[in-house]
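Dear colleague,

Here is the structure I said I would pass on. Notes on what was found in it follow below.

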Amino acid sequence: MNKVKSGKKVRAVSVGVGILAFLLAFGAGAVSKFAIQPGWAKEYSVKWSDEIGTLKEDLPYGDGEANKFDLYLPKDSGKSRYGLAVYLHAGGFTSGDKSGDREMLAWLCSKGYVAAGINYTLRTDTNTASVLSQSEEIKAAIPKVIEAAAKEGYPIDKMTVAGGSAGHALAMIYAYRDGKDAPVPVVFTFGAVGPSSFVAEDWGIFGVGLDSEESRAAGAVLFSVMSGQEITPEEMADGSYLSKVHAISAADYVAENPVPAVVAYGACDKVQPFLAFKRLEAALQESGVDYQYFVMEHSGHGLQNDNRVYAAYMKTVEAYLEKYMG
Amino acid sequence: MTLTTKRILILSAIVLIGFVLGRLAVRALMNLLLGGTLFGGNIL
């Protein structure tokens with residue numbers, strides 16, 4: 001009787017140990033997904049230190065609370081001219097901060113460029129900020145950034161503008177729509193997963209572009225918020241909304257002002273429609289401009305499942321920095 | 001094969017499976033939020 005009891009106890013302990021080991025390993029596996037960075041990624045994620053240069057934080061460029069930028073000045077202050085690399089933060093136009101890109105900006109600065117992270121007024125329930133107003137803020141900020149760099153002894157003669165997601169959208173708008181009026185030439189642009197056009201049929205992931213009242217109403221709300229102009233379901237139906245989203249559709253301006261580009265997109269993106277990228281790609285190809293694009297077939301908005309393609313994208317960004325920014 | 005060796009082998013297999021499933025669970029969750037495929041691309 002005692003032997004049977006003891007056997008049962010041993011089996012129970014073994015099963016318990018097995019379950020515990022599984023749970024611990026499961027947790028370790030989950031944590032490792034965030035904690036372990038691929039080797040190549042470390043190269044592009046530099047920790048800021050005084051060894052790299054000087055950081056000037058929260059310099060104002062306008063009256064708005066968010067109208068501030070950080071300027072990363074490289075250690076080598078002896079050059080007669082510098083390239084400026086602006087990197088705009090992600091966050092769906094409603095969240096995020098320039099400090100979130102510190103490692104990217106530090107990497108750009110470590111390569112000898114003056115780097116700048118610019119904040120813009122985020123859309124909230126209580127304001128009317130839109131992609132249009134944000135793009136205008138960025139346009140207003142760039143001359144101030146260049147002025148501030150010159151004041152610190154870093155004269156700028158060319159620039160690149162880049163970003164992630166919403167930041168990428170704003171970067172492309174600046175490069176293609178406003179680049180012609182920039183104080184210095186915009187020599188190329190780079191970024192990932194930024195929406196470059198707002199054509200209803202591309203935005204099916206948000207229920208827009210279908211032949212129904214609900215879909216047209218959803219499109220009117222989404223594109224009104226994005227464009228900062230009132231768009232009605234009727235305008236969605238007859239296509240006249242396109243003139244209202246034109247100013248925030250970077251792809252529309254590629255032909256007018258073809259700026260070289262390096263872009264990356266996820267084929268399974270649930271946040272920014274991949275179809276919108278196809279329009280950008282067509283515009284870039286038609287313009288004959290020098291561009292490279294990377295499609296991550298297994299990834300969504302985070303470009304999270306295709307490390308090899310991501311590494312190739314970053315290598316190409318580095319090559320374009322060399323090529324266009326010197 | 002002794003009982004202890006068997007136990008160690010079973011435990012190692014459990015740990016390996018747990019680790020792989022942990023990584024896949026995060027990938028599945030990220031895919032749900034951002035889009036993506038469960039397999040292909042990165043090994044895990």
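The domain bounds used here come from an automatic or database domain assignment. On that basis, chain A has a domain 1, made of 39-194 + 253-325, and a domain 2, covering 198-248. Please keep in mind that this is a predicted model.

Domains of chain A. The C-alpha centres of domain 1 and domain 2 of chain A are 27 Å apart. Their contact involves 13 residues from domain 1 of chain A and ten residues from domain 2 of chain A. On the domain 1 side, the elements that supply two or more residues are α4 and α9 (274-287) of chain A. α4(A) gives the most to that side, namely four residues. By type, the domain 1 side consists of six nonpolar, four polar and three charged residues.

Helix α6 of chain A. This helix takes in residues 213-227, 15 residues in total. At 1.5 Å a residue it should span 21 Å, and its end C-alpha atoms are 21 Å apart, so the two values agree. Its buried residues are A:Ser215, A:Arg216, A:Ala218, A:Gly219, A:Ala220, A:Phe223, A:Met226 and A:Ser227. The cover over these buried residues includes α4 (131-151), α7 (233-238) and α8 (241-245) of chain A. After α6(A) comes A:Gly228, which has a positive phi, near 75°.

Chains A and B. In chain B, 22 residues are in contact with 26 residues of chain A. The chain B side of this contact comprises ten nonpolar, nine polar and three charged residues.

Regards

Conventions
Residues are numbered from 1 along each chain as its sequence is written. Chains are lettered from A and ligands numbered from 1 in the order in which they are written. This is a predicted model: local features need pLDDT of at least 70, side-chain atom pairs count only at pLDDT 80 or more; totals for chains, interfaces and linings use all residues. Two residues are in contact if their C-beta atoms, placed from the backbone, lie within 7 Å. Ala, Val, Leu, Ile, Met, Phe, Trp, Tyr, Cys and Pro count as nonpolar, Asp, Glu, Lys and Arg as charged, and the others, Gly among them, as polar. The expected span of a helix is 1.5 Å times one less than its number of residues. A residue is buried if 20 or more other C-beta atoms lie within 10 Å of its own, exposed if 12 or fewer, and partly exposed in between; C-beta atoms are placed from the backbone.
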